[in-house]
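Open the model in your viewer and keep the selection tool at hand. The tour below goes from one selection to the next and says what is found at each stop.

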Amino acid sequence: MEVLEIYSSALSEYRAGNYERALEILAEVKKNAPAWKKAMLLEAYIRRAQNFYLSEISVLKNFLSQPDVLAEKNLAADAFSLLGAACRVVGMSDKAVDFFIGSAHLEEKIEKACPEISNAIFAANDVENFTAENFSKLYAEYRARLKEITPYPKKFYSHDKIRVGYLSADFHEHPVTFFAWALLTAYDKNSFAVYCYSSGEKNDAVTEKIKHSVDEWRDISNLTDEDAAKMIRADEIDILFDLSGHTNGNRLLVAARRPAAVQISGIGYMNSTGLDCFDYFLSDETCAGNFQAMQKFFTEKIIRLPRSHFCYTPLKNFPAPKNTPCLEKNYVTFGCFNNFSKITAPILNLWREILKAVPNSRLILKHKIFDNVEGKKFVAEKLRSFGFEISRVELRGFSQNYLEEYGEIDIALDTFPYTGGVTTCEALYMGVPVVSLRGDRHGTRFGYSILKNVGIEELAAKTPQEYFERAIALANDRDLLDVLHKNLRQMMKNSPLMDSRGYVRDIEEKYFKIFQAEKNNE
């Protein structure tokens with residue numbers, strides 16, 4: 001059998017999900033063509049599907065070390081993109097930024113280059129001390145690709161209702177929908193007409209509920225960016241709200257054509273898009289912080305809601321909160337269920353000191369990187385290099401019943417600079433208090449906003465030293481821990497964070513004001 005036939009057989013097994021069999025077949029290809037780039041790339045895809053990220057990185061580095069690798073631009077672009085994604089998963093987001101940009105530079109088509117730049121911008125949020133100037137350089141990379149796009153001229157209509165279009169790939173059981181549910185289901189139907197432009201392929205019960213709630217549902221998943229923009233323009237949308245920003249599956253190239261007179265971004269992404277096509281970014285008084293200092297990170301004008309800039313709706317079945325674990329075990333268990341990519345060196349240093357200061361305490365980390373021995377070994381070695389006593393740390397992989405596991409956690413420790421969003425809300429809803437650290441960038445203040453709106457802003461520290469002190473103080477006050485475990489869910493329900501009527505009222509007031517202001521300026 002020829003090498004190409006063997007490769008095709010391996011590809012078929014990969015597509016069928018038979019990963020081990022695919023690797024066995026690829027071993028035959030290696031014997032006959034050890035430096036064949038397509039085979040190396042397929043092996044990388046298989047390792048990614050298996051969550052063997054370190055093996056994937058090794059394969060990709062070998063691929064990129066081959067002679068004349070850049071001559072095959074499409075393959076090299078894929079390799080750089082895969083390497084960026086794998087590096088981010090294992091906590092090397094600074095390198096991921098460079099690899100994604102490397103991929104973008106090899107892509108000739110705007111539809112492929114821009115998503116890679118979005119990947120780089122998204123990964124940059126994990127990197128501490130990534131400055132406004134650093135972000136601006138990445139935004140310039142993206143804007144440079146938009147020169148071939150001619151945006152529609154601004155046009156205002158005289159509708160009886162303001163037409164608001166929401167653009168997203170995530171209208172299903174997804175964190176974005178947990179935060180945007182009130183906007184899609186509790187809006188004032190006498191004053192607003194809501195259109196959803198869905199670019200995602202996943203549909204579930206949540207999707208069906210949204211379809212029946214909004215005025216119009218548009219599936220744009222198979223439309224080109226140009227045709228999707230034409231559809232939005234034909235619908236005479238007054239305000240287009242992009243819920244994705246630079247997250248996976250975004251349709252920023254639709255918004256870049258400016259099909260609506262007023263365009264907003266926010267909720268699904270925590271920072272500026274850096275694109276001129278957006279007039280506003282949705283935030284709140286807490287996340288926006290010092291307005292002048294924050295504005296330098298944004299190309300959009302910042303809308304500051306008085307309370308929370310999103311409304312949390314738990315669109316899944318949550319088990320009841322459990323009893324405070326330390327009261328039974330007689331030791332405190334800290335935990336973090338955030339993506340491992342968010343766990344930076346400064347945070348690891350803080351966590352090590354917290355464990356040292358709280359006798360017999362434990363730390364549970366949970367993420368898909370721990371699904372296999374390779375990932376666990378990598379992280380365990382990293383923790384040892386930071387001085388952790390590994391016997392006090394448990395590394396847990398992905399599981400469907402992860403919410404139940406909050407019953408084993410006394411205190412959740414937030415990440416920095418990319419703090420938790422839905423993860424923080426889930427912990428609190430399960431009765432687990434969260435200690436967070438806040439900074440000057442918008443994305444570093446999500447935890448602060450959540451905790452303040454719930455009524456426990458004392459747990460949002462201003463400095464690393466405060467973070468350490470708040471965690472220690474909470475661990476040593478078991479009566480307070482017990483009160484929080486018993487009452488946090490109700491506190492959330494009573495808070496602005498879950499006040500759908502108040503939230504929608506706040507945001508609709510802003511819609512009226514900005515739409516009228518933009519219309520008057522025309």
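Begin by selecting β8 (333–336), β11 (411–413) and α18 (422–429), each of which supplies at least two residues of the lining of the largest cavity; helices (H or I, at least four residues) and strands (E, at least two) are DSSP runs, numbered from the N terminus. This is a predicted model, in which local features need pLDDT of at least 70 and side-chain atom pairs count only at pLDDT 80 or more, while totals for chains, interfaces and linings use all residues. Residues are numbered from 1 along each chain as its sequence is written, and side-chain values use heavy atoms, with hydrogens and water left out.

A cavity is a set of points, on a 1 Å grid over the protein atoms alone, where a 1.4 Å probe fits but cannot get out, and its lining residues have an atom within 4 Å of a point. The largest cavity holds about 70 Å³ of space, and among the residues that line it are Gly335, Tyr406, Leu413, Asp414 and Val434.

Next, select Phe334, which touches residues including Ile354, Val358, Ile411, Leu413 and Ala475, where contact means heavy atoms within 4.5 Å.

Finally, move to Arg304 in strand β7 (residues 301–305). Arg304 counts as partly exposed because its relative accessibility is 28%, a class that lies between buried (under 20% relative accessible area) and exposed (over 50%), with a 1.4 Å probe and protein chains only. Select Ser283 as well: Arg304 and Ser283 are 21 residues apart in sequence, yet 4.9 Å apart in space, C-alpha to C-alpha.

Notes. On a 1 Å grid over the protein atoms alone, a cavity is a set of points where a 1.4 Å probe fits but cannot get out, and a pocket is an open set with protein on both sides within 12 Å along at least five of seven lines; lining residues have an atom within 4 Å of a point. Grid points are joined across faces, edges and corners, and a volume is the space filled by probe spheres set on the points. Lists of a residue's contacts leave out its neighbours within four places in sequence.
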